[in-house]
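Colleague: I would like to learn how to read a few features of a protein model. Could we go through one together?

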Amino acid sequence: TILEISWKFASTKKPSIETRFVKCSDWEPEPNLEEKNERAYDALLPLKNTELARVPPTFEPLSSGNSRGSVCTMGIYICSLLKSAMNVKRRQRDHSVHAV
């Protein structure tokens with residue numbers, strides 16, 4: 001998104017505000033910023049093909065598509081993990097969770 005805020009004259013009290021959506025790919029990357037971006041992602045390279053958890057077959061295919069508009073398998077999976085974690089018996093806690 002390009003947001004342009006401008007004043008026609010120095011004495012103008014209210015600015016003119018215009019916005020437009022553009023594709024980043026329409027411009028060549030700035031080399032210095034591109035290098036910094038690459039270096040920032042280097043920290044994540046060890047995690048690139050890491051499996052954080054096995055997904056049980058009941059949640060496959062795992063999807064977060066339209067997660068704000070409907071129930072999705074990723075949401076159900078995360079909520080079930082949270083529920084299980086909260087229901088772990090602890091010495092000082094004697095409660096259980098029925099829904100998340």
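Modeller: Start with a definition: a residue is buried if its relative accessible area is under 20%. This is a predicted model, and of the 100 residues of the protein chain, 4% count as buried.

Colleague: Which helices and strands does the protein chain have, and in what order do they run from the N terminus?

Modeller: The chain has two helices and two strands. Read from the N terminus, the order is β-β-α-α.

Colleague: How is a pair of aromatic rings described?

Modeller: The description uses the distance of the ring centres and the angle of the planes. The structure here holds one aromatic pair. Its rings belong to Phe59 and Tyr77, with centres 5.0 Å apart and planes at 50°, so the pair counts as tilted.

Colleague: Where do Phe59 and Tyr77 lie?

Modeller: Phe59 is in the loop between helix 1 (31-42) and helix 2 (73-86), while Tyr77 is in helix 2. The pair therefore ties together parts that are 18 residues apart in sequence.

Colleague: Is Phe59 buried or exposed, and is Tyr77 buried or exposed?

Modeller: Phe59 has a relative accessible area of 14%, so it is buried. Tyr77 is buried because its value is 9%, and the cut-off is under 20%.

Colleague: Which residues gather in a patch of negative charge on the surface?

Modeller: The patch consists of Glu28, Glu30, Glu34, Glu38 and Asp42. Among them, Glu34 is found in helix 1. Glu34 has 38% relative accessibility, so this residue counts as partly exposed.

Conventions: Residues numbered from 1 in each chain as written. Predicted model: local features only at pLDDT ≥ 70, side-chain atom pairs only at ≥ 80, totals over all residues. Heavy atoms only, no water. Phe/Tyr/Trp six-rings, centres within 6.5 Å; stacked < 30°, edge-to-face > 60°. Helix = DSSP H or I, 4+ residues; strand = E, 2+ residues; numbered from the N terminus. Buried < 20%, exposed > 50% of the residue type's maximum accessible area, 1.4 Å probe, protein only. Patch = residues over 30% accessible without salt bridge, like charges linked within 9 Å, V, L, I, M, F, W, Y side chains within 5 Å. Areas by Shrake-Rupley, 256 points an atom, 1.4 Å probe, with all protein chains shown as cover. Salt bridge = Lys/Arg side-chain N within 4 Å of Asp/Glu carboxyl O. Lys, Arg positive; Asp, Glu negative; His and termini not counted. Charge placed at Lys NZ, Arg CZ, Asp CG, Glu CD.
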